Amino acid sequence: MGSSDIDGTKLGELNRLSIDRHDDISRFTAGSGPAVAPYLNFWITDGAGKYAVLANEPSNGAFQPLYSDGYDLTFADLANQTAKVFEAPNGFALPTMTGSSYTFADFADYTIAPPNGVPEWTGLGSGAPIVLSGRSANESFGVNWVFGDSLANYLSGSSEGYVVANALVSSTVPEPSSFLIACFGLAVAGVGLRRRRAKSIQD
């Protein structure tokens with residue numbers, strides 16, 4: 001499951017990311033992929049044609065306190081958490097790549113965006129799909145939630161699979177349409193004010 005609602009915004013502009021899980025995890029073995037917090041993946045780009053995936057791992061014990069039958073996160077919640085980096089074959093060449101340990105804060109200035117329209121990558125795993133079932137070939141989302149550690153785990157345990165709802169992602173940057181409407185409203189108000197002032201002077 002994923003969302004492209006904040007594609008084009010910087011990772012550090014993430015305002016809220018939430019999703020609820022409603023199925024009974026007690027049907028799974030404690031600590032197994034299906035019973036732990038889901039993967040949280042972000043496609044990011046340097047804006048020059050290079051892409052990577054940032055991911056948390058369900059096995060990361062430090063991340064587990066952020067999970068309670070789902071996620072309800074801000075960027076502040078993510079900032080100090082470990083971010084595993086999966087790069088495209090063309091090499092992302094991140095300037096922060098000076099060691100093997102990164103946090104989401106290291107990538108705050110990178111843009112959330114998927115590499116739509118490119119051949120499928122190998123080595124990224126099912127947690128970061130480039131081709132989504134039922135959609136056009138090579139079309140992906142900028143943010144993905146994947147419960148469990150594989151597609152098989154997502155569907156295992158019962159015929160209903162996992163039950164999730166109320167997925168939401170938003171950024172601190174206003175949507176262009178809302179921003180333009182606000183600017184237009186201010187402009188109209190300014191014109192009206194100037195007219196009233198001119199009339200007052202004439203009077």
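Guide: Let us consider strand E3, residues 39-45, in this predicted model. Seven of its seven residues are buried, so E3 is largely enclosed by the rest of the structure. Buried means under 20% relative accessible area, exposed over 50% and partly exposed in between, with a 1.4 Å probe and protein chains only. Strands (E, at least two residues) and helices (H or I, at least four) are DSSP runs, numbered from the N terminus.

Residues are numbered from 1 along each chain as its sequence is written. The model is predicted, so local features need pLDDT of at least 70 and side-chain atom pairs count only at pLDDT 80 or more, while totals for chains, interfaces and linings use all residues; side-chain values use heavy atoms, leaving out hydrogens and water.

In a regular strand the side chains alternate between the two faces of the sheet. In E3, Tyr-39, Asn-41, Trp-43 and Thr-45 point one way, whereas Leu-40, Phe-42 and Ile-44 point the other way. All of these residues are buried.

Next come the partners of E3. Two strands pair if DSSP finds at least two bridges between them. With strand E4 (residues 51-55), E3 pairs in the antiparallel sense over five bridges, and Tyr-51 is the bridge partner of Thr-45. These two strands form a hairpin with five residues between them; in the turn, Gly-47 has a positive phi of about 80°. Strand E8 (residues 143-146) is also antiparallel to E3, through four bridges, and here Asn-41 stands opposite Asn-144. Strand E7 (residues 111-112) runs antiparallel to E3 and is joined to it by two bridges; Thr-45 stands opposite Thr-111 there.

E3 also contributes to the largest nonpolar core, which has 34 residues. Such a core is a set of buried Ala, Val, Leu, Ile, Met, Phe, Trp, Tyr and Cys residues joined through side-chain atoms within 4.5 Å. Leu-40 and Phe-42 are among the residues with the most contacts inside this core, together with Tyr-71 and Phe-104. Other elements that give two or more residues to the core include strand E2 (14-21), strand E5 (70-73) and helix H1 (75-78). In soluble globular proteins, nonpolar side chains tend to be buried together.
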